[in-house]
Amino acid sequence: NDYRQNVQQEPSYYTLRGDTRGGLTSTGVRAAVVFGDLDETHLRVGADIRHLEQKIDETFELSPNPLANNTGLLGFSTNQPRSWMTDPGVYFEISKPVSHWWTADIGARLDFVATQATAADLRLRSSLPGGGCDLEQNDTLHAFYLKNEFELTNHCSMRASFGYAERPPTQ
């Protein structure tokens, strides 16, 4: 009696089938007002709001199932919940022509970012930090800058700028 008859042979290949469905929404609006002549010292103030939303469902099937003696299917899915971000912000910029060849701008921005995800979309044993319990976050972000533009010739200009900015979390 050959003992190899009772040993399950490794398959010569595996088949992985994947299905991805998703949706992305990106909307927003901005309004600005300028006080003063654009060729003179002027102030620009404005407000905007952005809203992003995403949902991705990925499911996979591996055949044959290596966890069940290479029989049947092994099904699994990713663990990305539906999430969204709303970001209203306000900004201002002052622009001043220092001379006929040099213009200086200074500006600042303030954002109030709210992010949230749907906890019901998570698996019971989530790999997310904290088990996926903390799926809501609110941030106040700011930015400022100083920009100088130098017109060296009629066809050549140079910019020298610096600033600091915080950005909303990547969704």
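Strands, marked E, are DSSP runs of at least two residues, and helices, marked H or I, are runs of at least four; both are numbered from the N terminus. Keep that in mind as you click along.

This is a predicted model, where local features need pLDDT of at least 70, side-chain atom pairs count only at pLDDT 80 or more, and totals for chains, interfaces and linings use all residues. Residues are numbered from 1 along each chain as its sequence is written, and side-chain values use heavy atoms, with hydrogens and water left out.

**Stop 1: colour by confidence**

The protein averages 85, and 84% of the residues score at least 70. Confidence is highest in strand 7 (residues 157–165), at a mean of 96, and lowest in strand 3 (residues 74–77), at 78.

**Stop 2: strands 1 and 2**

Select residues 15–35 for strand 1 and residues 42–63 for strand 2. These two run antiparallel and are joined by 21 bridges; strands count as paired if DSSP finds at least two bridges between them. Find Gly22, and you'll see Ile56 of strand 2 standing opposite. Now look at the hairpin, which has six residues between the strands. There, Gly36 takes a positive phi near 110°.

**Stop 3: strand 4 and its neighbours**

Next, select residues 83–97, which make up strand 4. On one side of the pairing list is strand 2, antiparallel to strand 4 over 13 bridges. Leu52 stands opposite Met85 of strand 4 here. Strand 5 (residues 102–117) also pairs with strand 4 in the antiparallel sense, over 13 bridges. For this pairing, pick Phe92 and find Ala108 of strand 5 opposite. A hairpin through four residues takes you from strand 4 to strand 5.

**Stop 4: a nonpolar patch**

Stay with strand 4 and pick Val90. Which residues form a nonpolar patch on the surface with Val90? Leu110 and Phe112 do, and the three have about 230 Å² of accessible area together. (Accessible areas come from the Shrake-Rupley method with a 1.4 Å probe, and for residues only the protein chains shown count as cover. Patches are made of residues with over 30% relative accessible area and no salt bridge; nonpolar side chains (Val, Leu, Ile, Met, Phe, Trp, Tyr) are joined within 5 Å and like charges within 9 Å.)

Val90 counts as partly exposed because its relative accessibility is 41%. Buried means under 20% relative accessible area, exposed over 50%, and partly exposed in between (1.4 Å probe, protein chains only).

**Stop 5: salt bridges**

Show the charged side chains. The structure holds 11 salt bridges, each a side-chain nitrogen of Lys or Arg within 4 Å of a carboxyl oxygen of Asp or Glu.

- Glu93 and Arg44: their closest N and O atoms are 3.8 Å apart. Glu93 lies in strand 4 and Arg44 in strand 2, so the pair ties together parts that are 49 residues apart in sequence. Is Glu93 buried or exposed? It counts as buried, at 15% relative accessibility, while Arg44 is partly exposed at 28%.
- Asp105 and Lys147: the closest N and O atoms are 3.2 Å apart. This pair links distant parts of the chain, with Asp105 in strand 5 and Lys147 in strand 6 (residues 136–151), 42 residues apart. Asp105 is buried at 7%; Lys147 is partly exposed at 25%.
- Arg109 and Asp111: here the closest N and O atoms are 2.8 Å apart.

Key. pLDDT = per-residue confidence, 0-100.
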